[in-house]
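The tour below goes stop by stop.

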Amino acid sequence: MEKVYHGIPVSPGIVWGEALVYDPGVINIPRFKIKNPKEEYKRVQSAIDITKEELVLLYKKTLENFGKKQAGIFDVHLMLLEDETIFVELKRRIYEELLNAESILYDIAQRYAKDIKLTGNAFIEERTADIIDVIDRIIRNLLEQKRPDLDNIKKPCILLSLDLPPSETARLHPDKIRAIVLERGSTTSHVAILARSLKIPTIVGVANLFNSYTGIIKGAAVDSISGTLYINPSSDTIIKLRQKKIQLSRRLHQYEKRIISYPSQTQDGRRISVLANIELPNEVDDNVKHLSAGVGLYRTEYLFLNKHTPPTEEEQYNEYLYVAKTLNPLPVTLRTIDIGGDKLASYTNFIKEQNPQLGCRAVRFCLAHKDFFKTQLRAMLRAATNGNIKIMFPMISSVDELRDVKKIMEEVKEDLSQQKVSFNKNPEIGTMIEIPSAVLISEELARECDFFSIGTNDLLQYSLAVDRNNENIAHLYEPAHPAILRMLKMTVLSAKNANIPCSICGEMASDPLFTEFLIGLGLNSLSMSSVSIPQIRALITKINYAEASEFSERLLKCSSSKEVRSMLNERIRTKYKNIISIA
């Protein structure tokens with residue numbers, strides 16, 4: 001019997017074929033008292049040595065087969081094996097509690113998982129999964145239990161799994177994996193990033209996939225345009241998907257023709273810059289180089305994660321410089337670090353917080369750790385001499401806060417001048433608008449900076465009091481909420497009155513359902529994942545700005561999310577059905 005599931009599409013495509021259920025297996029962790037803690041810790045060290053050998057081998061194989069980008073995950077894991085934080089605690093508990101090592105490591109992994117969940121931050125949750133992955137490897141080596149090997153897949157298949165550890169994700173190959181479907185995961189996971197890079201159709205967050213399906217899974221079909229999974233699809237479903245795939249292929253051809261033939265502007269001549277969001281320098285792919293107007297959001301926090309010590313000024317400088325020089329003269333907007341101190345605890349005096357999302361994160365963390373912040377600003381200002389770099393501050397909640405970070409930047413400039421180090425003396429400085437208080441004082445903030453960038457992901461979370469990773473209330477995370485639309489309007493108007501540009505870099509920017517509305521508001525810059533650029537650019541060439549303005553005004557008068565979505569869907573059906581699909 002066919003059964004249909006829905007999840008979050010992260011890499012587009014339509015495929016069908018044989019299914020492979022990947023199950024790494026549940027480890028039964030024994031828990032018992034030991035007599036000789038010294039011998040027990042020797043056993044741990046032996047398991048760590050075996051784990052190192054495995055990771056070195058995996059690094060070499062992955063480097064040879066897939067390249068440096070995918071092999072990099074094993075570099076991170078090897079560094080984690082040198083992290084004293086975990087192993088000091090492990091050794092202490094072995095000696096104090098006289099418990100076997102597996103049980104203590106399991107406790108540590110469970111605590112990490114619980115603490116990560118409390119952050120409510122999917123980006124950090126997925127990055128810290130590396131630590132849990134490494135602990136799992138050590139436990140399996142202590143128990144002499146190996147994971148199933150994805151390298152031995154004989155023929156192409158659709159991979160179904162509860163989740164994929166980061167180290168397994170790095171070894172996926174598009175010749176063998178036609179599509180990926182996970183019960184867990186998010187748009188910022190290792191799987192999502194790699195799948196987009198390799199163009200493997202992928203859906204994550206398919207709730208209760210393995211709990212609710214008890215039959216034999218022979219085949220599957222994946223529509224990662226709409227986020228739909230079909231288990232044991234019927235012949236009628238395959239026919240419909242085949243037709244949709246043909247239509248999409250034609251549309252992709254249309255995208256290419258329109259992008260090549262037309263500039264990125266509306267039918268009545270309004271220029272719209274379509275930029276890319278990136279997390280790593282090697283994400284500067286062909287779409288970013290040739291189809292975008294630059295990078296509208298470079299999330300610099302990835303450089304700081306899973307390290308014993310913070311990246312040096314020189315390391316940061318080289319990363320930023322590479323992107324700036326690669327895209328020069330196109331702009332690159334560097335966002336200063338946007339994570340909480342709990343994820344940098346190995347090299348900061350972090351005090352555990354009850355609610356990190358409302359705590360010392362982003363600019364607040366930087367203001368509390370000025371030396372740390374100054375190092376990042378030095379690297380950014382130096383790199384800005386070799387490209388068109390802009391600098392943007394996240395989670396600004398007040399004018400005082402913005403003035404404080406600008407003051408620190410001036411101190412950094414003065415230090416660089418005294419040291420006779422070359423740097424850009426006047427880079428453009430921007431403010432992220434992603435907190436309700438920032439929207440309400442956006443007129444004042446606009447007078448203090450050179451540009452705005454609206455981060456709709458956090459703006460929705462903070463405005464609607466919704467954690468989108470909480471499955472019980474995820475349906476309330478609604479970008480079509482009238483309050484969100486009106487806050488966008490207020491922000492754009494404040495920027496216009498101050499004569500500064502305003503961009504949008506959250507998920508709404510990549511959703512074609514909202515493109516006409518956003519352009520109609522007066523936004524002339526949209527920043528998104530590179531895979532979304534061709535479709536959005538093609539859609540822009542079909543939009544009339546005057547009509548979009550009138551349509552946006554009508555949407556702003558709606559009183560409910562349902563009313564907004566009804567109007568947006570009808571607009572797509574009547575005006576843009578040959579460009580995008582809402583099915």
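This is a predicted model: local features need pLDDT of at least 70, side-chain atom pairs count only at pLDDT 80 or more; totals for chains, interfaces and linings use all residues.

Lys 374 is partly exposed at 21% relative accessible area. Glu 411 is partly exposed too, at 29%.

Stay on helix α14 and pick Lys 406. Its salt-bridge partner is Glu 448, at 3.3 Å, N to O. Glu 448 lies in the loop between α16 (442-446) and β14 (451-454), 42 residues from Lys 406 in sequence. Glu 448 is buried at 17%, because buried means under 20%. Lys 406 is partly exposed at 28%.

Next, select Lys 575 and Glu 547, a salt bridge of 3.1 Å. Lys 575 is in helix α22 (residues 561-575) and Glu 547 in helix α21 (residues 545-556), 28 residues apart.

Now take four residues at once: Arg 31, Arg 93, Glu 97 and Asp 107. Salt bridges with shared partners join them into one network. The model's salt-bridge count is 28.

Turn to the backbone. Most residues other than glycine have a negative phi, and most peptide bonds are trans. Leu 98, in the loop between α3 (84-97) and α4 (101-119), has a positive phi of about 55°. Asn 499 has a positive phi near 60° and is exposed at 71%.

Last stop: Asn 328 and Pro 329, joined by a cis peptide bond with omega about 10°. Pro 329 is in the loop between α11 (313-327) and β11 (331-335).

Methods
Residues are numbered from 1 along each chain as its sequence is written. Side-chain values use heavy atoms; hydrogens and water are left out. Helices (H or I, at least four residues) and strands (E, at least two) are DSSP runs, numbered from the N terminus. Buried means under 20% relative accessible area, exposed over 50%, partly exposed in between (1.4 Å probe, protein chains only). A salt bridge is a side-chain nitrogen of Lys or Arg within 4 Å of a carboxyl oxygen of Asp or Glu.
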